[in-house]
Amino acid sequence: MHSGVGRGLQPRSSFEEVTMEERGGAMRIPERFHLMRRMKDFRIRTKILLSNIFIILLLALAIGSVATLASRHYIEANTRELSLNVIDQFSKNVDNRVEEFVNATVFLLNDKPLSQIISERTGALTDSNYPSAYTRVSNLLFQYGSNNPYLNAITIRNNNGRLFWWERPSAAQRGMNTTVARQIADRAAAKLDAADKGIVWSASLRGTDEVALTRSYIDINQVNNDFGIIVFHLDRDYFMKLLSDGSIIHTDNLVILSGQGDPLIAGKIGSGQSAQEVRELVANIGERPASGVERVMRVNGEKALLTQYQSVDTGWNILCFIPLNRLLAGTRVLETIIIAVCILFIFIAVIVAFWFSVGTTRDIKLLERTMRRVEDGDFNVKAVPRGRDEIGMLAVRFNMMVSRINELITNVSDERLAKQQAEYSVLLAQINPHFLYNTLGTIRWFSHSRGQSEIERMISALTGLLKSSIRGAGEFHRFSEEMDDVRKYIHIQKIGYGDAFEVEYEADPNAMDGFVPRFIVQPLVENAIMHGLEMSKETGLIRILASAEKGIMRIVVEDNGIGMDPAQVSELLTSDREKRYPGLNSIGVRNVHERIQSFYGDRYGLSFETAKGAGTKAMIHIPYSNRQEEVKRDVV
């Protein structure tokens, strides 16, 4: 059985352990990672400061980001517009330069001595006369090249394959010979045939940083007749000098393509790349429109702004790749200024937020210290509000609350003291009856032994009355028992007064079954006999009435005595009962009133209807209860 029980309990224990681990894990995660849950334990000052700092940082970040993005946008937009204008103007200047140089080549073609030699009109060129002819052509080309500082070399091949060339002595790359001239002529002829035109622009044909213009050596008089081909090797500065020093376009980011798509000029964008690679780069741009266009693309792993323009006259495409980091270089200063302003704004705002949080929570802290003093029992402390805001109103309400609590504590203390005094008075009233009770028992036994039946009945009634008083003033009993004690008291009084007064009883059955505090009717009857009827010369009548309606029990003790004025009624309920009614009467009317209010509250108690010479009506109002547990519930 033990093993079976163990097997039965083991899964439950394991389940409980897993649950606790899961709960522990669920508790640890928020403590470590959920800052918002831990912020609820922070002080109000810290919460206000953190929230203000968060809002400040959020605003600064938003404003700085928007300002930076806006500045970038406008600078980039303006730069793009400027670049389009510059590239447009540059393209027009290039077209003019192209037109100027092409027109300048016509002067060379119109040179008659040169044309006669190239066309071999004066005689065929042989190996014997070719050197002299070459010398004359070189001199003519030298004269022409001297007038154009950007012209580095000229290569001519006539229809019979004879080669002529001139090269500027100061050119960066010299050393042209027959082999080089023939290679240049062959390449130029191939490009001229491919273009199917009488003139074609291309990149350098001799491996230098030049631009080559190849055209048919036409006969000026008969344009349909040509003598061969002529190649002009033009320094690219002829076009690059069009760029100003402060221009956003320069040789590093410029690419010029011929009408056939050959790269004429390629800066760093095209350096180290073959013509085919440059063509592929340009092909990735897509269709080249006839008008200016701008877009952002990645070139050699770097983002750049492409501005493009195609000449209508020459068909050249001029591309300008402006790196974005250079384009947005002007925004860095602006971004630095924005960041500095944001940091200054954050610093000032944090100081203001700290001052505001301290000022806001100062009154709360003072109020919290005041509450601690109240917690320690000092109910005379007052919170001093520093303003008329919500915290100031809270301090005012706190002072009102403390004052009310202090008042309630005082009232409760006074009520407890009054109740203790009333119970003490009843206790004093019980001491003498306790000794009398034993003594009267002996007298009763003695009267019985002597056959004094009347004395025996009187002492028996007195003994019963005293016995009821000894049970305790704080106890409750049914109204029927209360009436039995009243009858015993009246029996004793009638022996002394005889037929001086009569007593009538009228009580509902429900009222007889209700619970009432002990000795609340007897003092009223005593007051009626001793202070109402005793001074009256007429036959006295005392009526005792009781009813129970709507949860309220009403008890009335009415007499036809001399009555009282209002001052006497007030004195009867408020004066010192020890001086007013010595001995047994110290229980008194006031004691009845105080005990009822002590048990049930200020809503209930004793009241009088009386006037001089019109008798007195004493009325008791208490909650009606016919069950012991209901009595305890009604008692406050």
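A residue is termed buried when its relative accessible area is under 20%. In this predicted model, Y144 has a relative accessible area of 15% and is therefore buried. Y144 lies in helix 5, which covers residues 130-146.

The surroundings of Y144 involve several parts of the chain. Apart from neighbours within four places in sequence, Y144 is in contact with A104, T105, L108, L151, I154 and F232. One of these residues, A104, also places its backbone oxygen 2.9 Å from a polar atom of the Y144 side chain. I154 stands 10 residues from Y144 along the chain, and the C-alpha atoms of the two are separated by 9.8 Å.

Helix 5 itself contains 17 residues and reaches 24 Å from its first C-alpha to its last, close to the expected 24 Å at 1.5 Å a residue. Besides Y144, the buried residues of helix 5 are Y130, A133, V137, S138, L140, L141 and G145. An α-helix has 3.6 residues a turn, so residues three or four places apart point the same way.

Helix 13, formed by residues 479-497, has 19 residues and spans 26 Å between its first and last C-alpha atoms, close to the 27 Å expected at 1.5 Å a residue. Its buried residues are F479, E482, M483, D485, V486, Y489, I490, I492 and Q493. Just after helix 13, G498 adopts a positive phi of about 70 degrees.

Positive phi values also occur in residues other than glycine. E120, with phi near 60 degrees, is such a residue, and E120 belongs to the loop between helix 4 (112-119) and helix 5. Because its relative accessible area is 13%, E120 is classed as buried. F519 likewise has a positive phi, of about 55 degrees, although it is not a glycine. The loop that holds F519 runs between strand 13 (515-517) and helix 15 (522-533). With a relative accessible area of 10%, F519 is therefore buried.

A nonpolar patch of about 600 Å² is made by F54, I55, L58, L59, I63 and F345. Helix 3, which comprises residues 44-109, gives the most to this patch, with 5 residues. L59 is located in helix 3. Since the relative accessible area of L59 is 44%, L59 is partly exposed, the class that falls between the limits of 20% and 50%.

Methods: Residues are numbered from 1 along each chain as its sequence is written. This is a predicted model: local features need pLDDT of at least 70, side-chain atom pairs count only at pLDDT 80 or more; totals for chains, interfaces and linings use all residues. Side-chain values use heavy atoms; hydrogens and water are left out. Helices (H or I, at least four residues) and strands (E, at least two) are DSSP runs, numbered from the N terminus. Buried means under 20% relative accessible area, exposed over 50%, partly exposed in between (1.4 Å probe, protein chains only). Contact means heavy atoms within 4.5 Å. A polar contact is a pair of N or O atoms within 3.5 Å; within protein, one must be able to donate a hydrogen and the other to accept it, and residues adjacent in sequence count only if both atoms are side-chain atoms. Patches are made of residues with over 30% relative accessible area and no salt bridge: like charges are joined within 9 Å, nonpolar side chains (Val, Leu, Ile, Met, Phe, Trp, Tyr) within 5 Å. Accessible areas come from the Shrake-Rupley method with a 1.4 Å probe; for residues, only the protein chains shown count as cover. A salt bridge is a side-chain nitrogen of Lys or Arg within 4 Å of a carboxyl oxygen of Asp or Glu. The expected span of a helix is 1.5 Å times one less than its number of residues.
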